[in-house]
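Hi everyone, thanks for making time this morning. Let me put the sequence and the structure up on the screen, and then we can walk through them together.

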Amino acid sequence: MGGAEGLEQELKSLEAEALRALAEAPDSQGVEGVRVKFLGRKGALAEQFTRFREGDWEPADRARIGKLLNGLKQRLEAALSEASGKQPAAPKTSGPRFDPTLPGVVPRAGRLHPLTQTIREIIAIFQELGFSAVEGPEAETDHNNFEALNIPADHPSRESFDTYYLAGAQTPDTGHRTPDTDAAARWLLRSHTSPVQIRYMRTHKPPFQIVVPGRVFRRDAVDATHCFQFHQVEGLAVGPDLSFGDLKGVLEAWARRMFGGRTEIRFRPHYFPFTEPSAEVDLKGPRGWLEIMGCGMVHPNVFKAVGLPPGTAGFAFGMGVERIAMIRHGIQDIRFFFENDLEFLRQFP
Ligand code: PHE
């Protein structure tokens, strides 16, 4: 004996154990584990039912224990179905959880190089004055860079354009070749943007007015104000009766738009082989006059070289972009423009 009472005790602790396991199950998977362990086909309760069926009980005990077992089964089933509403197990992931409240990752936005910005500002003003922007190649013929601009091979001003010649480049510039010497067909890195004057005049009928931004190359030693490469914006206007007065008016209007309404510029007589008369243009700054470009009336020999008739009139100018950008932004060293240092470049939004 003691069987019936012992079983009763066991059923009580079985119930307590099952309820505790249920309470501790962290998720639906845990609840399912409890169900299998206690109510499964081979679970703890099924074992007790077997033991009950196979036992040799007093009839009173049999009725009481049967009732106990069925009551226990019902209570456990109820508790389980309530607990099965628990959250499904979180999918197993590695790494940190996603936090939607954190700020997003902002991609770094690019911006235009300060020289590009300056070139665009220069050109936009000339476009308002009726000029169109065109471009030409950085590799040029000796003919376009010098000869057609009234700078023959022995001309002393070639020294101010210490030029990079391209080795072995003798290919004629198709359509632009003249019956000059072989030397005139030599290729070089253009030392100014003026050869685009030649290219444009050979292929367009006046009147026209163009501006030409571009990179130029000179064999200069690098220091704070010199570099082997820099940028120019060339200007050319060809049309009936154009005078030096038109040139002055255009450049003064441009300078006031570029540097402010009170800007003063002055025209200082100068010499260029491809303009006559010629001048250099100075801009008045807080510490005195700064030279920003050369200009003049297009030389008759230049019109002749491109096949325009005698009596054709026009003016031309060429300005240094780095110089202008340095004045505008107070930059002390031309090398900053070419070093690609982001600390420098980020200052020009
Ligand atoms: N090409 C000249 C230079 O590079 C500038 C210039 C252009 C002067 C047009 C007069 C006319 O120095």
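By class, the shell around the ligand splits into 6 nonpolar, 7 polar and 2 charged residues. For that count, Ala, Val, Leu, Ile, Met, Phe, Trp, Tyr, Cys and Pro are nonpolar, Asp, Glu, Lys and Arg are charged, and the others, Gly among them, are polar. Please keep in mind that this is a predicted model, where local features need pLDDT of at least 70, side-chain atom pairs count only at pLDDT 80 or more, and totals for chains, interfaces and linings use all residues. Residues are numbered from 1 along each chain as its sequence is written, and side-chain values use heavy atoms, with hydrogens and water left out.

So, who is in that shell? There are 15 residues around the ligand, the closest being His192, Ser194, Arg218, Gln232 and Gly318; near here is one heavy atom of the residue within 4 Å of the molecule. Strands E5 (229–238), E8 (288–298) and E9 (314–320) each supply at least two shell residues, and E9 gives the most, with 3.

The side chain of Ser194 puts an N or O atom 2.9 Å from a nitrogen atom of the ligand. Taken alone, the ligand exposes 320 Å², and the protein buries 92% of that, using Shrake-Rupley areas with a 1.4 Å probe, where for residues only the protein chains shown count as cover.

Which space does the ligand take? The answer is the largest pocket, since a molecule counts as sitting there if more than half of its atoms lie within 2 Å of the grid points. A pocket, on a 1 Å grid over the protein atoms alone, is an open set of points with protein on both sides within 12 Å along at least five of seven lines, probed at 1.4 Å, and its lining residues have an atom within 4 Å of a point.

This pocket is lined by 48 residues, with Glu291, Ile292, Met293, Gly320 and Arg323 nearest its centre. E8 brings the largest share of that lining, 9 residues. By class, the lining has 21 nonpolar, 18 polar and 9 charged residues.

Last, some backbone details. Pro206 and Pro207 are joined by a cis peptide bond, with omega about 5 degrees, and Pro207 lies in the loop between helix H7 (195–203) and strand E4 (208–217). Another cis peptide bond joins Glu276 and Pro277, with omega about -5 degrees; Pro277 lies in strand E7.

How values were computed: Polar contact = N/O pair within 3.5 Å; in protein donor to acceptor, adjacent residues only side chain to side chain. Helix = DSSP H or I, 4+ residues; strand = E, 2+ residues; numbered from the N terminus.
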